[in-house]
Amino acid sequence: MAEEKKSGAGKVVLAVVILVIILAIGALTFVWIKYTPGSISRKKAIENYYKAISTEDSELYKDTCFTQKWQDNYSSANENSGIIATINDSFTYQSGASYGNVEITVMEKLDKEYAEKMTEEIKSFYGIDVKVSTISKVNFSVETSFEGHKDSSGTITRYCYKSEGKWYFLADPDVLIALDLEG
């Protein structure tokens, strides 16, 4: 009888320990998703990019397009300006349109050599060692609203990259040109 009580108590302790571990993993996952740059999917990266340019939200743009390491080292790598100044500069070309309703039609993972080349190009341009694990070509449409008129974009092709488990919208023009993705 005493042995049965010990066995039951042991099972309860084991269940509590497992529950605490699961809750800790869940909390860490939540913090990682919520408070680190990047998105958990390519679609979310694209949606966040268009939301950032629609609202001219430089913080969202920064977190959607640049890894934390890239953000932290951008200012020292670019003597002319910091990352926020560069992003705000790009907003001067924004026409006042807003974007929404992103519909993904095709997602295609590119060869590993593109990811390796992007890692090399970022290091060459900015002196930052950002490890890119994957680049994906994404075809999608987005709804554009401008001065009360709504229109669908038709098919747009852009690229997302994955680094440290998160997806980012590839918006850096120097890197895009160096990768020759449109060729």
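**Close-up views of strand pairing and a helix residue**

**View 1. Strand 1 pairs with strand 2 in the antiparallel sense.** Nine bridges link strand 1, residues 98-109, to strand 2, residues 134-146. The model shown here and in the other views is predicted.

View 2. Val138 is placed opposite Arg158, a residue of strand 4. In a regular strand, side chains alternate between the two faces of the sheet.

**View 3. Strand 2 and strand 3 make a hairpin.** Strand 3 spans residues 149-152 and is antiparallel to strand 2. The two strands are joined by four bridges. Across this pairing, Thr144 faces Asp151 in strand 3. Two residues lie between the strands of the hairpin. Glu147 sits in the turn, with a positive phi of about 50 degrees.

**View 4. Glu121 is a buried residue of helix 6.** Helix 6 comprises residues 112-126. The relative accessibility of Glu121 is 18%. Glu121 therefore counts as buried, because the cut-off is under 20%. Leu176 is 55 residues from Glu121 in sequence. In space, the C-alpha to C-alpha distance between Glu121 and Leu176 is 9.7 Å.

Definitions and conventions. Residues are numbered from 1 along each chain as its sequence is written. This is a predicted model: local features need pLDDT of at least 70, side-chain atom pairs count only at pLDDT 80 or more; totals for chains, interfaces and linings use all residues. Side-chain values use heavy atoms; hydrogens and water are left out. Two strands pair if DSSP finds at least two bridges between them. Buried means under 20% relative accessible area, exposed over 50%, partly exposed in between (1.4 Å probe, protein chains only).
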